[in-house]
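Hi there,

Here is the structure I promised to pass on. Have a look at it first, and my notes follow below.

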Amino acid sequence: MTKRLSRRDFLKIAAGATAATGSAPAVRRIVLEPFARSGPLEDVLPGQAVWYASTCRQCAAGCGIVVRVINGRAKKIEGNPLHPLNRGKLCARGQAGLQVLYNPDRLKNAVRQTGGRGSRQFEPLAWDDALETLAQKVSSLSNPDRLAFFGGLMPDHLYRLTARLLEALGARPPVIFDLHSALEGRAAAAQLSQSFFGVPQLPVYDLARSEVILSFGANFLETWMSPVAQSYAYGALRQGQFGGRGFLVQFEPRLSATAASADEWIPIRPGAEGFVALGIGRVIVEERLGHVGSHRPHAVLYQNVDVREMAAASEVPVETLRRLARIFADADQAVAIPGGYLAGQRNGRASMLAVQALNLLVAQIGRVGGVFLSHPGLTAALRQTPPMDSFDRVLDLIARMKAGEIDLLLIHGANPVFELPAAAGFAEAIARVPFVVSFSPFVDETAVRSDLILPDHTYLESWGYQVPAPGTDRPVVSSQQPVVRPLYDTRATADVLLALAARLGEKAAVALRWPDEVAMLQEIASDLHGSSLGAYDAETLAGFWMLWRRYGGWWSEKEIPREPEATEIVEQPLPVVGPEFEGEPGTYPFYFYPYPSVALADGRGSNLPWLQELPDPMTTARWGTWVELNPETARSLGVGDNDVVRVVSPYGELEAPVVVYPGIRPDVVAIPVGQGHRDYGRFAQAASGSNPLALVAPVTDPETGALAWGATRVRLEATGRKQPLARLESLDGAGRETLG
Amino acid sequence: MAQDVKPSAEAAPRWALVVDLDRCTGCQACVVACHAENNVPVAGEKQAIYGRWMHWIIIHRYWEGEYPNVKARFMPVMCQQCTEAPCEPVCPVFATYHNPEGLNAQIYNRCIGTRFCGNACPYKVRTFNWFQPEFPEPLTEQLNPDVTVRSRGIMEKCTFCIQRIRRAEIEARAEGREVADGEIQPACVQTCPPGALIFGDLNDPDSRASQLARSHRSFRLLEELGTAPAVIYLKGGEANV
C-alpha cells in the first residue's frame, strides 16, 4: 500500500523553491515561490495543492512530514509515506503543527521589553539594531565564560552552529535541557548505552518482531522517544502478518495508555522496577531457563540478588516473577525496555542497568525482536545531535547565574522557567543575569523575563535537518525546509548567529564562515551525495540538493542492522540500589507521579487549541489539570470526582480537582504536566490548571545526574470546594449536553 | 432508504471503515487529524465543562474490573454511516440523506438546526454548532478550502472525508483508471500510527476492508438496532486467523 501511495505522493512532493539570492550576507536567502518551482510551471495552478516534505519539530523524534500547501498557505500536515521512521504516520501533536504556524499569539517581529523585564511592554526592534545590541553585549563581556546558552529542542544544524560559536568565543558549550527529554529519560538512556554498548546512542527496541515485551515505565505509545514509529511497530506486534500476537507486560505505578494497551499491567512500587528486573534475571539464572547455556556467562550479574528480597521490595509476588521469567526466557524473541519513569528516580541508573541486562541474559542484543543500535552509515558525519544534558549541568548553570557569574544568557527552544522544578530556582537566578535574550517565537514564561526577544521562525517556515534519535533500522536523516514563506518579520536563529559571528569577526567569523544557514545545510547534505546506499542519488550536487528537499531527507534504501556489543561493565555483579524520596513518609504519605500529557507533552503544546481540546485518553479530560487518586484513597480522604484537593510537597503546593482513577496504586498521586502557563498565549493562559513542577524536588540520580522527577512525596488535603473538569465521559450516566 | 436513486447499484462502491480494536492505542492522532482536515471547531473550556464537544471522532474508554485487576479498553466511535440510518427519516428538510455510495451525507445549507437527527442517532456522533465557531486570525489560514466551515445552528458529523474520496476519484478518472484499494484514506486512517483504521469498498470482495470484515473478530456497534452500520469493529485481544 505504501508503495503505491509513495509514487503518487512523490510526484506531488515538491522541492523547496528557487533561490532568490540576496546580496548582503545573512539576508534570508530563500523564501518560497509557490508558483515557481523546479518542476514544469504548468503543474501548478492557483488553488491547486502542492506538497512539501519537511520534518516535524513537535518533539525530538524527527518524523518526516509532507505538508499540503494551497496558494502559499499550509493546510494539512501528514506523515511522509516515504520516510522509514514514521512511514506516513503522525501523532496528535504532529497533526496540530499548523496551529504553531498560524498561532494568533506569535511574535511578529523582534522586540525589546521597554518597561523592564517582566513588564510585558514590548517595543518593536529593527533586526539590525537587535544584532548590533547582541554583538556589543558579546564583545563587551569581560570573560567569555560569562556567556551562557540554554537550549532545548534544537535542530541539529543550529546546535552545531551554536556549539561552534561558543567554542570560538571561548565560552562553555550550550546547556541543553528540556522537560520532555527529562520525562523520557533521554540523557540517562544515552548514558546507559554508553556504559552498556560503548556509544552514547539511544537503542532501538524491535517491538514489531518481538514475542514478549517487558516494558518498565516506558510509555512508548504516548510520548516516550519515538512514539509514532513505536506505535507502528505495536500494530505489527498485535496483528502479525502470520497471525502471531505478541505479549506485552507493563510495569508502572499508574496505568498509562500504554499500560492500557498491554496484556498485563503490574502496578509496581515506585522506584522498584530494578528489583523486579533483578528478580526475573535471578530466576532465569537459577532455573536455567530459556535457550541452553545462553545465560551461563552472565550468572555473575545476579550473585548479589535474592529473589524473595526483590519480591518483597517491589511488592510483586515471587510466583509472578517466576511466571514472567519463564515467559520472557522461553520466547524466541523477547525484549525488556528501560523507560523514562526509571530514569526519573534516584536509583535510575541501577534500575535501567538491571532492565537492559535482561536483554543480555536472554541473548536478545542485536537479535531480531531484541535491541539494536541504529546504523549511522554515511550519516555518521551529520550526527552532531544535541546531546541532552543531565540536570546537574542545569543546576550548575543556575548556581553560576545566582552567583552573578553570568552576564549574558541566550535561550533557544526551551522554557526553563516553566519546565524546571520551581524549587530549582531558575526564575530567581535569571533575575541576577544582567542581559537575557530569548529566541522564542512566543512570549513564554522565560521570554517574559528577557530583555530582547528575537523570534525564530516556527518549524514550518524553517530550514534544518535532524538525525532521528533513536533512529530506525537504517541510516536516516530528516531534512527540514520552509513549506510557506515566513508569515512575519521573524528570523532564523541560525542566520542571527551567523550574522553575529560576522559582526564579531576574528575566530567567530572563521568558525562560522557560511553566508547563511542554507549554505551550511547544502555543504552538510553534500556529504551524502554519490552514495550507492541511498534511496536516491543525483549526478550533480544541485540535483542532490533538490531531491534532499523533495524526499524530506536521506536514507538508505535497504535495512542495515547494527548489532551492539556489550562492554565489560556487564560482567560485574549488578548493583542493588533502592529508591530514595524527598519528604518524610509520615508527613508526606504519597508518592508523587507527574507524567507527560499525551496532548500537551511537557507543556509546549498548550498554546494550541486543538491540543487543549484533545481528550486525555485515560481520563477523557480536556483543558485543565487534575489529580488522579485510587478509589480507595479518594474514599479515605472523603473526596470524589471534581472535588478540589490540595497537594502539598516539601517544595510547594497546588490545588486541582480529583479524578477517581481505578488504575493507580493507592499510595501514588498522579498529575499530568503541561498546564499552568502564566504566559505563552491566550489558549495556554485561558486553560484552568496548575504546573505540577511546583511540587517536584530538584534532586538528581547521583549516578547519572538526571532529574529525579519521580522522587518526591506529597500529602493531600481536601478543600471542600468543587471545580468541574471538562471531561468527555459522562460521570452521572445521564449522557451529554452536546445536543440538549 | 433512497437506495433507488443509485445510478447503477452494481458499480457503486459501499465505503466502509474497519476499526481494529486490537491495534488501537487510544493515542488521539485521528482526532486532531480530523479537526485539521474537516475544519472542526473547538468548543472551548467553558463549553467543554458543560459537556459539549465538537469532535467528529471520539475515543471511548471503558474500565473493566477493579484495582489491581483493572483493564481499560479503547473504542473509537465516529458516524457509523448506517445503511438503515435513524437520522435520515427524521430530517424535515432532507438535510441528511443517503448518497449513492451508501454514505449518510449532511447538506449543511439545507440544515435548519432541528437536531432531530442528533436525537435519533443511537451512537451520539452528531455535533451541533450552538455558537458561531471562532478562528482568531490568522488561524483561518489553517482551514481546508475543500470543506465548508459550518456556522451557528448547523448540525455536523463525520463524512468519511468525502472530499478526500472525491479527490481520489477525480484523480483516478483523470488518469483513466479505477481507484485502487487503499488509495482513498480519510484523514484519521491516513494518520493512525498503529494502523488500526482501514478504509475500503465493501462491494469489492478483495479489498482489505472486505477481507477484514469477514474476520471472525468482526462486529458492528449496537448491531441489534438494525442500523446496518458501515463501520466494522474487530474485537481486540485475539489474533486474526
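Into which domains is chain A divided? There is domain 1 (2-102 + 467-481 + 514-555), domain 2 (115-176 + 386-453), domain 3 (188-374) and domain 4 (590-727), with bounds that come from an automatic or database domain assignment. The centres of domain 2 and domain 3 of chain A, taken over C-alpha atoms, are 39 Å apart.

Before going on, some housekeeping. This is a predicted model, where local features need pLDDT of at least 70 and side-chain atom pairs count only at pLDDT 80 or more, while totals for chains, interfaces and linings use all residues. Residues are numbered from 1 along each chain as its sequence is written, and chains are lettered from A and ligands numbered from 1 in the order in which they are written.

Now to chain B. Its secondary structure comes to six helices and 10 strands (DSSP runs: helices are H or I of at least four residues, strands E of at least two, numbered from the N terminus). Buried residues make up 44% of its 241 residues (buried: 20 or more other C-beta atoms within 10 Å of the residue's own, with C-beta atoms placed from the backbone).

Finally, the two chains meet: 62 residues of chain A are in contact with 60 residues of chain B (contact: C-beta atoms, placed from the backbone, within 7 Å). On the side of chain A that touches chain B, α8(A) gives the most, with six residues.

Enjoy exploring!

Methods. A residue is buried if 20 or more other C-beta atoms lie within 10 Å of its own, exposed if 12 or fewer, and partly exposed in between; C-beta atoms are placed from the backbone.
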